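Subject: Structure handover

Hello,

Here is the structure for you to look over. My notes come after it.

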Amino acid sequence: MEKLKDELKSQIGVAKSLDELEALRVHIFGKQGLLTQQLKNLAALSPEERKTVGAQLNVIKGELFDLLESLKKQFEEKELEAKLLLEKIDVTLPGRSVSFGKIHPISNTIAQIVEIFGNMGFKLAAGPDIEDDFHNFSALNIGPMHPARQEQDTFYLKNGNLLRTQTSNVQIRTMLKEKPPLRIIAPGRTFRSDSDQTHTPMFHQVEGLVIEQGIHMGHLKGCLLDFLKAFFELSDLKLRFRPSYFPFTEPSAEVDIQCDRSGGKLKIGQGNDWLEILGCGMVHPQVLKNCNIDPQTHQGFAFGMGIERITMLKHGIPDLRTFYESDLKWMDHYGFSPFEV
Ligand code: DAH
């Protein structure tokens, strides 16, 4: 029996492939296998002999089995390595059919705003989404009892801070940090606890601010007209300034653009109708004082515009909420190629 064991072990030892190992397994353990035969032969032995021979055979069986298994594992590992080496792919190679992601319409609008105002000498500015009462309200002349606070459905944090309800906080931060002349635009996220077809709890605004000596409302009007013509790609777009009220500007105005609503379709830049698109005004003297700027020597204008709104108008997107549904089909339809922006 020992001889048989040694012989089988050396046969297993020289096996060169998984197939050879499998053939040996059948040769030893198969139905007609050598060891299987030996185990069958046990029946012919006396009970005494059967016990000792049976035990010996079992040990041999175990040893041979372990040897086969460990060699099998080694072969399998080698085979896998060879396969991986053969199937290695260079992921940096270009694919055969490539579909690019799209730029979200909001990102596209922001890029255009930055470009158009950039050409007019405006610098990009930013402020935090999490803001304090001073920068979002009180420095903008919205005191503790001011009704504008209730109108804006503010999200308050436990520590007394808030999510900014308007990008106007960047006016304050810029004036406190830098000396005039100032010419900035600040696109960014804003938050209000409001949700329906025309309101989402998070939306975007762009704030504009110009502080210089001798700035007046004519500059404001010309600047906005230039921007809107460029943005909507309409060379003879008409604007209308309507008197309005904002705590941080005096005088204040809302700006309407010419539109046509006949036939149930909205067309911008034609017809006799008007559509409101932004708020603006001359920076209130108190706001200048709050930011250590002397209203006797410096003046300026400010404006605030809803980015979703002008994006919907320009591209005919009907529902505000779809901007934030992360629907790939929607993105494919309304999004922009990265090479177009
Ligand atoms: N912050 C205003 C709002 O959210 C919009 C606005 C109006 C901004 C007039 C301005 C401005 O800078 O001058 O409704």
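Predicted model: local features only at pLDDT ≥ 70, side-chain atom pairs only at ≥ 80, totals over all residues.

Residues are numbered from 1 along each chain as its sequence is written, and side-chain values use heavy atoms, with hydrogens and water left out.

Ligand site

The ligand sits in the largest pocket. A pocket here is an open set of points on a 1 Å grid over the protein atoms alone, where a 1.4 Å probe fits, with protein on both sides within 12 Å along at least five of seven lines. To sit in one, a molecule needs more than half of its atoms within 2 Å of the grid points. Strands E5 (202-212), E9 (273-283) and E10 (299-306) each give two or more residues to the shell around the ligand. Strands are DSSP runs of E with at least two residues, helices are runs of H or I with at least four, and both are numbered from the N terminus.

Around the ligand there are 15 residues, and the closest are Gln166, Ser168, Arg192, Gln205 and Glu207. The shell takes in residues with a heavy atom within 4 Å.

- Gln166: a polar side-chain atom lies 2.8 Å from a ligand nitrogen.
- Glu207: a side-chain N or O atom is 2.6 Å from a ligand oxygen.
- Phe303: a polar backbone atom is 3.3 Å from a ligand oxygen.

Alone, the ligand exposes 350 Å², and the protein buries 89% of that. Areas come from the Shrake-Rupley method with a 1.4 Å probe; for residues, only the protein chains shown count as cover.

Thr311

Thr311 is in helix H11 (residues 307-315). Is it buried or exposed? Thr311 counts as buried because its relative accessibility is 0%. The classes are buried under 20% relative accessible area, exposed over 50%, and partly exposed in between. A polar atom of the Thr311 side chain lies 2.6 Å from the backbone oxygen of Ile307. Leaving out residues up to four places away in sequence, Thr311 touches Pro105, Ile106, Thr109, Gly316, Ile317 and Phe323. Contact means heavy atoms within 4.5 Å.

Backbone

Pro180 and Pro181 are joined by a cis peptide bond, with omega about 5°. Pro181 lies in the loop between helix H8 (169-177) and strand E4 (182-191). Another cis peptide bond joins Glu250 and Pro251, with omega about -5°. Pro251 lies in strand E7 (residues 249-260).

Glu233 is not a glycine, yet has a positive phi of about 55°. Its loop runs between helix H9 (217-232) and strand E6 (239-246). Glu233 is exposed, at 61% relative accessible area. Ser326, also not a glycine, has a positive phi of about 55°. Ser326 is in the loop between H11 and helix H12 (328-334). At 70% relative accessibility, Ser326 is exposed.

Ser46

Ser46 is in the loop between helix H3 (34-41) and helix H4 (47-86). Its relative accessible area is 31%, so Ser46 is partly exposed. The C-alpha atoms of Ser46 and Glu79 are separated by 47 Å, with the two residues 33 apart along the chain.

Best regards

Technical notes: Buried < 20%, exposed > 50% of the residue type's maximum accessible area, 1.4 Å probe, protein only. Polar contact = N/O pair within 3.5 Å; in protein donor to acceptor, adjacent residues only side chain to side chain. 1 Å grid on protein atoms, 1.4 Å probe; cavity = no way out; pocket = protein on both sides within 12 Å on 5 of 7 lines; lining within 4 Å.
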